[in-house]
Amino acid sequence: MSEEAKIRTCQLLDLPWEDVLVPHILCHLPLQHVVSLQRVSKQFHSLVQVYLANCRTFDPSPIGQCIPKESFCSMLKDSKILQRLSLQNCSDWVTDQELLPVIGQNQHLHRVEMGGCVWLTRHSLVAVSLSCAHLQHLGLAHCEWVDSLSLRSLADHCGGLQSIDITACRQLKDDAICYLAKKCLKLRSLSLAVNANVTDESVEEVAKNCRGLEQLDLTGCLRVRNESIRTVAEYCPKLQSLKVNHCHNVTESSLDPLRKRNVVIDVEPPLQRALVLLQDVLGFAPFINLQI
């Protein structure tokens, strides 16, 4: 066969898989389309396995539907270089049994999203802390299985942590959060929201140790008061966002200095709140001319 004829009969799968197809073609396709290619032929099935083994990000959330357990295990069985792992579409069923092997063989993970995974246990968090020394971002929102011992393990082994979301992790109390703050000095984003155990002690320890803090979420932390907010204002010059909605003991006296630094706060000043209430009552926006 002539060279010209060989060129004309060249097929997609004849291209170098790891040098061309994986990094320059498959990487631009949605995950569900890539996975669907497995059904085309045995060769395509092998190609997709090579692609999945070379993935650095596993985030099925754009698919918009729950990933079956069998698909999850199949897709990640050969993965060893993941850097980002999101379990959002697996939260209804994923357990330690499925997750621990993935964590154990992917020690380069620096972002893990486990929020809402109610069937996991503290063993998964301990595994993350022991295996992922380079972890920077961790999502644990509504993981009520997170306890003091597992959070301490994370703090001991992942000192480079930059953001953590422990919203509604209701087992956690001041001692564990203070320990985290003393070990993870690079924290830039922290959510302690929806935890009635959080007091000024936690917030002040975070402020004094994590001085690069940029975002702090205290929504629904009913025991937080003005004293700790003033400490945040004093020790966190880089703060950009503060959420204190439903923190009934936090008043404008501690928030006003932060507003003057253009920190975004999720509650309106008293005057604005009064105007909104008045507008709701009257049915139109009143014109008020304030003169000093």
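Contact here means that heavy atoms lie within 4.5 Å. Keep that in mind as we tour this predicted model, in which local features need pLDDT of at least 70, side-chain atom pairs count only at pLDDT 80 or more, and totals for chains, interfaces and linings use all residues. Residues are numbered from 1 along each chain as its sequence is written, and side-chain values use heavy atoms, with hydrogens and water left out. Helices (H or I, at least four residues) and strands (E, at least two) are DSSP runs, numbered from the N terminus. Buried means under 20% relative accessible area, exposed means over 50%, and partly exposed is in between (1.4 Å probe, protein chains only).

- In helix H6 (residues 96–104), the buried residues are Asp 96, Glu 98, Leu 99, Val 102 and Ile 103. Looking down the axis of H6, you would find its buried residues within an arc of 160°, so they line one face of the helix. The arc is that of the directions from the helix axis to the C-beta atoms.
- The cover over the buried residues of H6 includes helix H5 (69–76), E2 and helix H7 (122–131).

**Around strand E2**

- Ser 86 belongs to strand E2 (residues 84–86), and this serine counts as buried because its relative accessible area is 7%.
- Setting aside neighbours within four places in sequence, Ser 86 is in contact with Phe 58, Asp 59, Pro 60 and Glu 113.
- With Asp 59, the side chain of Ser 86 makes a polar contact of 3.5 Å. A polar contact is a pair of N or O atoms within 3.5 Å; within protein, one must be able to donate a hydrogen and the other to accept it, and residues adjacent in sequence count only if both atoms are side-chain atoms.
- Cys 90 sits in the loop between E2 and H6, and its relative accessibility of 0% makes Cys 90 buried.
- Not counting residues up to four places away in sequence, Cys 90 touches Ile 67 and Phe 72.
- Cys 90 and Lys 69 are 21 residues apart along the chain, with 7.7 Å between their C-alpha atoms.

- The side chains of Arg 170 and Glu 144 are joined by a polar contact of 2.6 Å.
- Besides neighbours within four places in sequence, Arg 170 is in contact with Glu 144, Val 194, Asn 195 and Asn 197.
- The C-alpha atoms of Arg 170 and Ala 193 are 9.6 Å apart, while the two residues are 23 residues apart along the chain.
- Thr 199 lies in the loop between strand E6 (189–191) and helix H10 (200–209); with a relative accessible area of 12%, Thr 199 is buried.
- Leaving out residues up to four places away in sequence, Thr 199 touches Asp 174, Arg 223 and Val 224.

- Leu 12 is in the loop between helix H1 (3–8) and helix H2 (17–24), and at 42% relative accessibility Leu 12 is partly exposed.
- Together with Leu 15 and Ile 25, Leu 12 forms a nonpolar surface patch with about 210 Å² of accessible area.

Methods: Patches are made of residues with over 30% relative accessible area and no salt bridge: like charges are joined within 9 Å, nonpolar side chains (Val, Leu, Ile, Met, Phe, Trp, Tyr) within 5 Å. Accessible areas come from the Shrake-Rupley method with a 1.4 Å probe; for residues, only the protein chains shown count as cover. A salt bridge is a side-chain nitrogen of Lys or Arg within 4 Å of a carboxyl oxygen of Asp or Glu.
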